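I open this notebook to record what I looked up, entry by entry.

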Amino acid sequence: MATEDKVLISVGDEVEMHYKCTLEDGTVTGDSHQTGETISFEVGKKTVLAGIDERVVGMSVGDTSTFTLEPDEGYGDYDSSRIGSMPHENFPAEFIPQLQEGMIIPLQSKDGTSRLIGTVMEVGDDTVTVDFNHPLAGKTLNFDVEIVNITNPSTEEVASEDTDE
């Protein structure tokens, strides 16, 4: 638990943390300890899942927390209307033979302004059926997080596990 002399995370702080995310069946979907790379984000800027943003507020360097995010706090509910068929012409010709069911592919809008990912559901003779839901949409996510570093940009105060306090 955080003590009074520790820097507590608030909205606007830059946070660096380790995380492990698992599904209800125990499947690991991400583990920064395995990759050796922490994630960094500004609290409140909506660059991470809203449920994570909200739950780190009030934590301090060295604090750990375990929490569950329901789909509405994670990647949203699964929406079957986000499945569509795309003609082969929408893909580079050399790409079509490589497409396989379950493959996650990067796509962009026709005007080139939006990028997204899709999961190939079926490759037909003339069309490719793509699921545009995030692969974790509709899933309950379990997180274990550990705060590694906090930077408060308004004061440039830095709290880190490596700091001798």
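I keep in mind that the model is a predicted one.

I next asked which residue Arg55 meets in a salt bridge. The partner is Glu73, and the two side chains approach to 2.9 Å, N to O. Arg55 belongs to helix α2 (residues 50-56), while Glu73 sits in the loop between β4 (64-69) and β5, so the pair ties together parts that are 18 residues apart in sequence. I recorded that Glu73 is buried, since its relative accessible area is 18% and the limit for buried is under 20%. I then counted the salt bridges in the structure and found one.

I turned to the surface. Tyr78, Ile83 and Met121 make up a nonpolar patch there, and together they have about 250 Å² of accessible area. I located Ile83 in strand β5, which covers residues 83-87. Ile83 is partly exposed, at a relative accessible area of 31%.

I counted two helices and 10 strands, and I wrote down their order along the sequence as β-β-α-β-α-β-β-β-β-β-β-β. The chain has 165 residues, of which 36% count as buried. Finally, I checked contacts between residues at least 6 apart in sequence: 61% of them join residues at least 24 apart.

Key: Residues numbered from 1 in each chain as written. Predicted model: local features only at pLDDT ≥ 70, side-chain atom pairs only at ≥ 80, totals over all residues. Heavy atoms only, no water. Patch = residues over 30% accessible without salt bridge, like charges linked within 9 Å, V, L, I, M, F, W, Y side chains within 5 Å. Areas by Shrake-Rupley, 256 points an atom, 1.4 Å probe, with all protein chains shown as cover. Salt bridge = Lys/Arg side-chain N within 4 Å of Asp/Glu carboxyl O. Helix = DSSP H or I, 4+ residues; strand = E, 2+ residues; numbered from the N terminus. Buried < 20%, exposed > 50% of the residue type's maximum accessible area, 1.4 Å probe, protein only. Contact = heavy atoms within 4.5 Å.
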